[in-house]
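Hello,

Here is the structure I promised to pass on. Please open it first, then read my notes below.

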Amino acid sequence: MRSDSRAPLGLTLGAAAGLLFLHVPILLIFLYAFTTEERTYQFPPPGLTLKWFAVAWNRADIWPPLYLSLQVAAISTALALVLGTLVAAAMSRAKFFGRDRISLLILLPIALPGIITGMSLRSAFDVMGIPFSTWTIVLGHATFCIVIVFNNAVARFRRLSGSIVEASLDLGANGFQTFRHVILPNLGSALLAGGMLAFALSFDEVIVTTFTAGQQSTLPIWMLNELVRPRQRPVTNVVAIVVFVTTFVPVLAAYYLTRGGSETAGGGK
Amino acid sequence: MGLRPVTLPERGPGDRLTSLFWRRPNLLLVLLLAPPLLWLGVVYLGSLAALLLQSFFSIDEFSGLVVHEFTLKTYLELLRPSNFDILLRTVGMAVAVTLGCAVIAFPIAHYAARYARGQWKAAFYLGVMLPLWSSYLVKVYAWKLILSKEGIVTWATDAAGASAVLNAVLALPVIGGNSLSTSYIGTWIVFVYVWLPYMILPMQAALERVPASMLEASADLGATRAQTFRTVILPLALPGVIAGSIFTFSLTLGDYIIPQIIGSSRLFIGQAVYTLQGTAGNIPLAAAFAVVPIAVMLAYLAVARRMGAFDAL
């Protein structure tokens, strides 16, 4: 049993170093939001201040991208919830012809690099003469959010025992009543978790969006522009914290909602 | 005494539809599948088809307008030395990033799969899952802060009296540069950082399936830790490594933000696609560039399928 009792020291150190590598960089974003240095990324910061939060709050160019990002994420999540749940319901029912093809099709938008999804949509808009708008952004986002909702919903559908649905039908409920009173309450937390992950993914997405947004800016596109041509660097950090928290909170919530089941949310992106 | 029907009478359209779906389960299946498949079929597959179509068009060199005629001219342009270098550079980086991710991911995945229990197991899961989901752009930005000339890496090497080492690394030909944030080394570090969780999760899943009894048997038969690792753990974990490498490889091939923010000014496939479709207005060549990662990934997936990587996904 020597091999199973305690980890070799080298392995423990390697694992700890790897986890530090994953987490320390993000903490630095928080530190730099308080620095007094505006033009460089000097370390250690020469002084600490809270003023950048006020400056960011008063910057008029930050609010429209924030609203647009929230709007796009909300609409895309709603669309993905409907489409993802429908396909999960169908896929969990029975084996049918082309089932594997359909899972591949759902997976493809996140399995292929974002630039391909983006460039494909861009080509299609060009071929069909569709002008860029908020809806062209939504079109892209909803497409890659479907798989997130699907993953969460299909796992729950599989766990949902068929006998309670049969019991409901035996007791005289029709299919719609069964859906409303039996299936939906059982599916609820999985859909909530999937929806939150989809929201986080859409709110933060930048690669596909740069191809489908035209002249509009979502918050990540605003950030990207600031990275390429920085103005007040700490303000970018404040916005980075906002983006980080807006994605972090739903993801953590999704984890706690589905924890303990066989289908903990967030295992795949 | 007349027989009564054993089923309840239908009370409304809901009941009638339920009976219909009960008699014809395939009708329900079609109705469930139609909206999502229409969406994915039209929006996604339609777009991919448009991409392929565009890549067979060409651009008129004098007018700068797209010529809507079938031609392979645009693909031939990919073979021009300046363009072909972009392809080689990107594929080379994808290979290097995948190897880096595999090396760093292994201790974390192995520890989490074999030694972490209870609370620690959950902590490891969150510790990998949260960086996976946290904002991509924020992560890239964090490394801009770290790697810049006046940033924390320079400060730390100075404080440790190791600035000569950093300068020696930066003086290396090709992969070095003015500072870490303008060199290939910097690009590589950030790629490894951002895609690392994609490697850890499937690797951990594969390692969890290695039976502890096999490791005990290996130890009982007198193998050293290194021998057990090489002859038992590694072959059994390989499908997980390959599954993870599908993500690290594919994501590196298609990324254009990281090399744009951190790296030398030499282009990667993603940047070429982005510039060509935007300012240059050469959508056919941009589309042809975008087809390359698809082709590389299809070949890669075919090899991975043979090596059993899909069982570990």
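This is a predicted model: local features need pLDDT of at least 70, side-chain atom pairs count only at pLDDT 80 or more; totals for chains, interfaces and linings use all residues.

**Confidence**

Chain B has an average pLDDT of 85, and 95% of its residues score at least 70. Within chain B, confidence is highest in helix 4, at 92. It is lowest in strand 2 (residues 66-67), at a mean of 79. Chain A has a mean pLDDT of 83. There, 93% of the residues reach 70 or more. Helix 4 of chain A (residues 63-93) has the highest confidence in that chain, at 91. Helix 1 of chain A (residues 2-5) has the lowest, at a mean of 50. For the complex, the predictor gives an ipTM of 0.82 and a pTM of 0.85.

**Chain A in outline**

Chain A has 12 helices and 0 strands. Its C-alpha atoms fill a box of roughly 70 × 65 × 30 Å along the principal axes. Of its 269 residues, 52% count as buried. I also looked at contacts in chain A between residues at least 6 apart in sequence. Of these, 72% join residues at least 24 apart. One local detail: Lys51(A) lies over the face of Trp52(A), 4.5 Å from the ring centre.

**The nonpolar cores**

In soluble globular proteins, nonpolar side chains tend to be buried together. The largest nonpolar core here has 171 residues. Which of them touch the most other members? They are Met223(A), Leu51(B), Tyr136(B), Trp195(B), Ile257(B), Val273(B) and Phe289(B). Helix 9 of chain B (residues 184-208) gives this core its largest share, 16 residues. A second, separate core has 7 residues, including Ile242(B), Ile246(B), Leu253(B) and Ala304(B).

Trp195(B) is worth a look. Leaving aside neighbours within four places in sequence, Trp195(B) is in contact with Val97(B), Cys101(B) and Tyr136(B), among others. Thr248(B), Leu251(B), Thr252(B) and Asp255(B) are also on its contact list.

**Aromatic rings**

Over all chains, the structure holds 25 aromatic pairs. One of them joins Tyr111(B) and Phe124(B). This pair is stacked, with 5.4 Å from centre to centre and 20 degrees between the planes. Tyr111(B) sits in helix 4 of chain B (residues 81-114), and Phe124(B) in helix 5 (residues 118-133). The two are 13 residues apart. Both Tyr111(B) and Phe124(B) are buried.

Trp195(B) turns up again in the rings. Ring pairs link Trp195(B), Tyr136(B), Tyr198(B) and Phe247(B) into a cluster.

Gln277(B) is in helix 13 of chain B (residues 269-277). Is Gln277(B) buried or exposed? It counts as buried, because its relative accessibility is 7%. The side chain of Gln277(B) makes a polar contact with the side chain of Arg122(A), at 2.5 Å. Not counting residues up to four places away in sequence, Gln277(B) touches Met119(A), Arg122(A) and Phe211(A) in chain A. In chain B, Gln277(B) touches Ile283(B) and Ala286(B).

Asn282(B) is found in the loop between helix 13 and helix 14 (283-306) of chain B. Asn282(B) is buried, with a relative accessible area of 12%. Its side chain reaches the backbone nitrogen of Leu285(B) at 3.3 Å. Leaving aside neighbours within four places in sequence, Asn282(B) is in contact with Ile59(B) and Leu276(B).

What separates the C-alpha atoms of Asn282(B) and Val66(B)? The distance is 7.6 Å, although the two residues are 216 apart along the chain. Val66(B) lies in strand 2 of chain B. That strand has the lowest confidence in chain B, at a mean of 79. Val66(B) is partly exposed, with a relative accessible area of 25%. Leaving aside neighbours within four places in sequence, Val66(B) is in contact with Phe57(B), Ser58(B), Ile59(B) and Pro284(B).

Best wishes

Conventions:
Residues are numbered from 1 along each chain as its sequence is written. Chains are lettered from A and ligands numbered from 1 in the order in which they are written. Side-chain values use heavy atoms; hydrogens and water are left out. Rings of Phe, Tyr and Trp (its six-membered ring) pair if their centres lie within 6.5 Å; planes under 30 degrees apart count as stacked, over 60 as edge-to-face and the rest as tilted. Helices (H or I, at least four residues) and strands (E, at least two) are DSSP runs, numbered from the N terminus. Buried means under 20% relative accessible area, exposed over 50%, partly exposed in between (1.4 Å probe, protein chains only). A charge sits over a ring if NZ of Lys or CZ of Arg is within 6 Å of the ring centre and within 35 degrees of the ring normal. pLDDT is the predictor's confidence in each residue, from 0 to 100. A nonpolar core is a set of buried Ala, Val, Leu, Ile, Met, Phe, Trp, Tyr and Cys residues joined through side-chain atoms within 4.5 Å. Contact means heavy atoms within 4.5 Å. A polar contact is a pair of N or O atoms within 3.5 Å; within protein, one must be able to donate a hydrogen and the other to accept it, and residues adjacent in sequence count only if both atoms are side-chain atoms.
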